[in-house]
Amino acid sequence: MAEPEQVDVVVVGLGVGGEEVAGRLAEAGLSVVGIERNLVGGECPYWGCIPSKMMIRAANALAEARRVDGLAGTAQVRPDWAPVAKRIREEATDTWNDRVAVERFTGRGGRFVRGSGRLEGPGRVRVGDQFFQARYGVVLGTGTRPAVPPIDGLAGTPYWTNREAIEVEELPESLLVLGGGAIGLELSQVFARFGVRVTVVEAMDRVLAVEEPEASEVAAAALRADGVEIHTGVRAERVDHDGERFTLRGAGGVEFTGERLLVVTGRRAHLDELGLDTVGVDASQRYLPVDDRMQVTDGLWAVGDVTGEGAFTHVAMYQAAIVIADLLDRARHARAGADPSGTASVVGGAMGAASALSASGSSGSAGTVPRADYRALPRVTFTDPEVGAVGLTEEQARARGINVQVGFSKLADSTRGWIHRVGDEGFIKVVADADQGVLIGATSVGPAGGEVLSGLVVAVHGAVPVSQLRHMIYAYPTFHRAIEAALGNLH
């Protein structure tokens, strides 16, 4: 067997987190090999965050135009999907070509290899006929793929995942959506606003089941107002496709039909493809467990969706910063050990950047690698109204035995909500630890729910005393002023 090529770091999977790690380390002067079998940049820029929000922006513009009748006269709206598909194809994805992303990475000093990387022992990665040995470590950023349930008859049919839904150039007349989570609801509302007859089928007793029940109610009502049929508590048992239409059969004999079927029932990592057994890691898990420095085991890190800490770009970037600091710290110590004079350093002043990253960590002392802290992990479902949330829900807090206080205020009861008049559905809900006197969770639902969430994230992350939050000045008339009312209702 040929000897592996010696490099500093190998990154397997150049999604959002992997590309950031590989690019930053290459800029720092390390020899970095980045391996990607699909598109550099991962799910977010091609089939996730960016194109889906372009779709949502367009659909929301239609909805706002239809609201003119309730505010400022009359308006006629004729939906046209063609400019939306064109924008996704040309502006967001470059027709699903990653040439620019590859050049961005190699321009930072990285070496790109197209293919599927696989571990072959500590620090060793094989991709095709190339074999590398990493001096400082290997980083896995291989992401997740749609978790398609084993429903009788589904395999072999032309069902959609989020990818086909994003790539569509001609809309179907009708669409069945299996799954009432964030992705399912976002896409359902978009297609409905463009005239597609949409039916959502969800096995849980409510949509957005991971969020507060009040958020589920508002989201479901908003989608129904857009013409979406929602059926909860329905477990799918069989799918049939006759060449033109899908039939979805659920427990109890219920039956739904549609021209297309979109399956959005979650995602999972495919760990069995990575050779984890060669480094003593169990590959049968749903996700890859990591410690608070993103290490799977010594010399092996993971970032992004593969870690199971939330399928969010902001989580991947947050984790990437920790891995970058940790690997630069390891490189600094290794090089200092090889140079007793202490003058050895990573090229390009990157150690200063590593020190800055370390000093900004949420835990640990200054000068140490920052540690991951997910207490204030924000998440937003970009339906209209938006559903923003951070920290624990009321149910989660009570399950942990916390002495819970809850405050609630309707957005329509605020001055800004009254002014907004049409499309002002929403609320602020805050969850407090009464013994500690701090917020441990919050939900912001409304026309700008994701933006209003930012102040609540700071409150949870910084453990700002509720007494201080109550004594703040909240700008008038804003949506975020409803936070003050919710705090006043804590009990």
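Let's start with one residue. Glu20 sits in helix α1, which covers residues 16-27. Keep in mind that this is a predicted model.

Is Glu20 buried or exposed? Its relative accessible area is 19%. Buried means under 20%, so Glu20 counts as buried.

What does Glu20 touch, beyond its neighbours within four places in sequence? There are Arg108, Met317, Ala320 and Ile324.

Now zoom out. The protein chain has 15 helices and 22 strands. For the overall dimensions, picture a box of roughly 75 × 65 × 40 Å along the principal axes, filled by the C-alpha atoms.

Next, the inside. Of the 491 residues, 49% count as buried. Take the contacts with a separation of 6 or more: 65% of them join residues 24 or more positions apart.

The chain exposes about 21,900 Å². Carbon and sulfur atoms supply 50% of that area. On charge, we have 48 positive and 63 negative. Their mean positions are 2 Å apart.

Last, the annotation. An unreviewed UniProt entry places the feature "domain: Pyridine nucleotide-disulphide oxidoreductase dimerisation" at residues 378-485. In the model, that span is 31% helix and 31% strand. Its end C-alpha atoms lie 21 Å apart.

Technical notes
Residues are numbered from 1 along each chain as its sequence is written. This is a predicted model: local features need pLDDT of at least 70, side-chain atom pairs count only at pLDDT 80 or more; totals for chains, interfaces and linings use all residues. Side-chain values use heavy atoms; hydrogens and water are left out. Helices (H or I, at least four residues) and strands (E, at least two) are DSSP runs, numbered from the N terminus. Buried means under 20% relative accessible area, exposed over 50%, partly exposed in between (1.4 Å probe, protein chains only). Contact means heavy atoms within 4.5 Å. Accessible areas come from the Shrake-Rupley method with a 1.4 Å probe; for residues, only the protein chains shown count as cover. Lys and Arg count as positive and Asp and Glu as negative; His and the chain ends are not counted. The place of a charge is taken as NZ of Lys, CZ of Arg, CG of Asp or CD of Glu. UniProt positions are given in the numbering used here, feature names are shortened, and annotations may be inferred rather than shown by experiment.
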